[in-house]
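Biologist: Please take me through the local backbone features, the helix packing and the domain contact of this chain.

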Amino acid sequence: MDTIFTAITYLTVLALGACIGSFLNVVVYRIPAGISLIWPPSRCPHCLHKLGKTENVPVLGWLWLKGRCRHCRSSISMRYPLVEAATGLVFLLIFLLYDISLQTLGYWAFLSWLIALALIDFDTMTLPNPLTKSGLVAGLAFQVTTGLLPIFQSGEAINHLFNGIAGAVLGIWLVDSIRVVGSIVFGQEAMGGGDPKLAAMMGAWLGWQSLPMAIILACAAGVLIGLAGRLVGRLQPLQKIVFGPFLALGAALTVFWGEAILSAYREFLISSNNTVLLSLLLAVLLLMLIVMRYLKSRNSLS
Ligand SMILES: [Zn+2]
């Protein structure tokens, strides 16, 4: 009986996440295009045929239609069901980590904002202000609510609010500093103007103590992927890579495994011989930067 109940709960969470993912697809498509989110209802972008109830079901609708519009047979991007499935899995993972709690609700909202922003940045190289601003306000509201509940404590709420505001300010400051350093190292503008605003939004949700981890993880992922892309030849040395998706990834990893990463890091610091390892890590990072500079200068000469 228990297993059936658990299975139903997980399936419900997955389905809820997939439905939100379906809405995020609409947000990602419509906000940059300046179309209302509510009207007109979902339709085929080619023939404008309005989607029926069964066609609108996340993931399954796409599978049922075999990836084609029922009306004009033009293909529907596989990204739609993938985003829906991924959002479902993210919702389930958060539920498994935080159970039935305010954190679960809050992080579902936070991750939804992050998925939409990451995809829009990937598509258009912009992070729309209305989304980062509303995300920041929602993050501060989340801080106040977690401070007030479960027992109504106004002092805690103020502490949490301060934590969120400090996180937002730190986010702008950190990403701006990285931008300056990046411009010096690469000799070009390293980031878009929306990135500090996204970092501010992340700071509001995560608080100032957890934000640096998210940004470090984002930079590490950005450097690794950028370097791999250059070595494989998929990216030109001067090609700009969008930083927004990496920031979102760093924030997501912090929500999922922030505590685990932090305690592993603490244990690492306590254990012996770590100075050698740390210096090695720093040397590898420096070497990566030098290789990137070298690849860049070699390309600009040829
Ligand atoms: Zn169509």
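Biologist: Is Leu-48 buried or exposed?

Modeller: This is a predicted model, in which local features need pLDDT of at least 70 and side-chain atom pairs count only at pLDDT 80 or more, while totals for chains, interfaces and linings use all residues. Residues are numbered from 1 along each chain as its sequence is written. A residue is buried if 20 or more other C-beta atoms, placed from the backbone, lie within 10 Å of its own, exposed if 12 or fewer, and partly exposed in between. Leu-48 has 10 other C-beta atoms within 10 Å, so Leu-48 is exposed.

Biologist: What is the phi of Leu-48, and where does Leu-48 lie?

Modeller: Leu-48 is not a glycine, yet its phi is positive, at about 60°. Helices are DSSP runs of H or I with at least four residues, strands are runs of E with at least two, and both are numbered from the N terminus. In those terms, Leu-48 is placed in the loop between α1 and α2.

Biologist: Which peptide bond is cis, and where is its proline, Pro-40, placed?

Modeller: The bond that runs from Trp-39 to Pro-40 is cis, with omega near -5°. Pro-40 belongs to the loop between α1 and α2 (60–64).

Biologist: What is the phi of Arg-73?

Modeller: Arg-73 is found in the loop between α2 and α3. Arg-73 is exposed, since 10 other C-beta atoms lie within 10 Å. Arg-73 is a residue other than glycine with a positive phi, near 65°.

Biologist: How are helices α1 and α3 oriented relative to each other?

Modeller: Axes are lines fitted to C-alpha atoms, for helices over the stretch in contact, and angles run from 0 to 180 degrees between N-to-C directions. Helix α1 (residues 2–33) packs on helix α3 (residues 79–98) at about 135°, and the axes are 7 Å apart. Angles under 35 degrees count as roughly parallel, over 145 as roughly antiparallel, 65 to 115 as roughly perpendicular and the rest as oblique. The angle therefore makes α1 and α3 oblique.

Biologist: What is the handedness of the crossing of α1 and α3?

Modeller: A crossing is left-handed if the near helix is turned anticlockwise from the far one by less than a right angle, and right-handed if clockwise. The crossing of α1 and α3 is right-handed.

Biologist: How are α5 and α7 oriented relative to each other?

Modeller: Helix α5 (residues 129–148) and helix α7 (residues 195–206) have axes 7 Å apart, at an angle of about 15°. The crossing of α5 with α7 is left-handed. With that angle, α5 and α7 are therefore roughly parallel.

Biologist: Which helix supplies the largest share of the side of domain 1 that touches domain 2?

Modeller: The domain assignment, automatic or from a database, gives domain 1 (1–100) and domain 2 (101–302). Their centres, taken over C-alpha atoms, are separated by 27 Å. The contact draws 16 residues from domain 1 and 17 residues from domain 2. On the side of domain 1, the largest share is eight residues, and it comes from α3.

Note on methods:
Two residues are in contact if their C-beta atoms, placed from the backbone, lie within 7 Å.
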